[in-house]
Amino acid sequence: MPSSRLMNSGAVGSLVVAVACLVSSSCCHASTVAWKGSMITHKLQPAYSNGRRRIPFTTFHEEWEESKLEAKQQPDYKKVVDCSLAYNILRGSFLRIASDLSGGTPLETIKCQTTVTKDNMQEAIQNILKEGGFWSLWAGTPSRTVEGALLGALFMVGSSITKKRLLAMGASPFVAALSAGTVGGVAQALVMTPAGMIFTSLNVNRGKKGHENDNAITVARRIMKEKGPLGLYYGMGPMCMRQASNWASRSGFTEIARTNLKMSKYGVLGEIGSGIIGGVGSTWNTPIETIRVLMQKDVSQGKNTKPFMQYWHDIVEDQGYAGLFRGWTPRTIQAVWQTVFMVVVPNMLGI
């Protein structure tokens, strides 16, 4: 209990520090990227592509001269927000911890329960509350807080650097968002695999005899004793696939909704709506997550793991293809929740 309180105090402290940095403009400064010249091509493109009517030379010449004059009046460079590494680390940590404490952790607990059992979402919630009470929905919060701080920092640093560099090189917003999500997701997997192993073990063994006093430290020690240090990284392959596809999809679908569907013009509601589309669209990879949970469940129970495709075939044989999508509902809600915090908010902040 004391260690739990200490960890939770640390989480609150992290939130306070990050909030202070979020509202401080001194953490960022303006930098520039080359900009002049793109305006002429953009303005005259409709003239070149208009195949239904002939454009008189005098009209074209007037538009060309007008475009050159407007381009001369534009600055040579466009200002972009460039934040320090420390600021991005704090900002990413804050956003991820906030998403976990405000709903992400309970949703992860419910998702884990529905994946390893045959409970639906409502049955999973009832069984969790019956076994451990309301606060058992936040089981593993101390380790989840540490994990969230590291995951948020890694994602924000990796994705923001990638996105900024690609945009400066002339990539489209969609390509930049897709690549940023992929890099940020793979970076997260380095921390998320052992953290996910511990979290899965705490949920799978909750209430079982011999596991009454389990916590993050005892679980990590037991796994390393049985499987060695690399035992914490069982499921690394599925985790990398899941995280890369997760955040690439979340960022990519969100950007499509913002730009192609033009939802960003509706302000905050449009941005949140884009995040909902991105979150829901990212759950196509639920089978990868299902297999990751089952693989780490076997490790937490001292069993030998199977190849990825063996889990796939076993699930389909036992439950049909629908079994690969167990836990889809809580996972979809969680995906939307995390996308709003980790994609929508940074977009609104201009990251």
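I began with a definition: the expected span of a helix is 1.5 Å times one less than its number of residues. Helices (H or I, at least four residues) and strands (E, at least two) are DSSP runs, numbered from the N terminus.

**Entry 1. The model.** I noted that this is a predicted model, in which local features need pLDDT of at least 70 and side-chain atom pairs count only at pLDDT 80 or more, while totals for chains, interfaces and linings use all residues. Residues are numbered from 1 along each chain as its sequence is written, and side-chain values use heavy atoms, with hydrogens and water left out.

**Entry 2. Helix spans.** I looked up helix 10, residues 267–281. Its 15 residues should span 21 Å at 1.5 Å a residue, and this agrees with the 21 Å between its end C-alpha atoms. I then turned to helix 6, where 28 residues should span 40 Å and the end C-alpha atoms are 39 Å apart, which agrees. Just after helix 6, Gly170 takes a positive phi of about 95 degrees.

**Entry 3. The whole protein.** I recorded 13 helices and 2 strands. Buried residues make up 45% of the 351 residues; buried means under 20% relative accessible area, exposed over 50%, and partly exposed in between (1.4 Å probe, protein chains only). Of the contacts with a separation of 6 or more, 79% are between residues 24 or more positions apart. Contact means heavy atoms within 4.5 Å.

Entry 4. I asked which residues of helix 10 are buried. They are Gly270, Glu271, Gly273, Ser274, Gly275, Gly278 and Gly279. These buried residues pack against helix 9 (236–260) and helix 13. In the loop between helix 9 and helix 10 I found Lys262. The phi of Lys262 is near 55 degrees, a positive value in a residue other than glycine.

**Entry 5. Nonpolar cores.** I searched for nonpolar cores, that is, sets of buried Ala, Val, Leu, Ile, Met, Phe, Trp, Tyr and Cys residues joined through side-chain atoms within 4.5 Å. The largest has 9 residues: Phe94, Leu95, Ala98, Phe155, Met156, Trp247, Phe341, Met342 and Val343. At least two residues of this core come from each of helix 4 (85–116), helix 6 (141–168) and helix 13 (328–349). Another core, of 8 residues, lies apart from it and includes Ile198, Val219, Ile223 and Leu232. In soluble globular proteins, nonpolar side chains tend to be buried together.

**Entry 6. Aromatic rings.** I counted 5 aromatic pairs. Rings of Phe, Tyr and Trp (its six-membered ring) pair if their centres lie within 6.5 Å; planes under 30 degrees apart count as stacked, over 60 as edge-to-face and the rest as tilted. Trp135 and Trp138 form a tilted pair, 5.6 Å centre to centre with 55 degrees between the planes. The pair of Trp337 and Phe341 is also tilted, because the planes stand at 45 degrees, with the centres 5.9 Å apart. Trp337 and Phe341 both lie in helix 13, 4 residues apart, about one turn of the helix. Trp337 counts as partly exposed, at 33% relative accessibility.

**Entry 7. Trp135.** I asked where Trp135 is found. Trp135 is in the loop between helix 5 (121–132) and helix 6, and ring pairs link Phe134, Trp135 and Trp138 into a cluster. Is Trp135 buried or exposed? Trp135 counts as exposed because its relative accessibility is 65%.

**Entry 8. Charges over rings.** A charge sits over a ring if NZ of Lys or CZ of Arg is within 6 Å of the ring centre and within 35 degrees of the ring normal. I found Arg250 over the face of Trp247, at 4.4 Å from the ring centre. Trp247 is also one of the residues of the largest nonpolar core.

Entry 9. Glu108 is in helix 4 and counts as buried, at 7% relative accessibility. Not counting residues up to four places away in sequence, Glu108 touches Arg144, Phe199, Glu289, Arg292 and Gln334. Thr193, in helix 7 (residues 173–204), is buried, with a relative accessible area of 0%.
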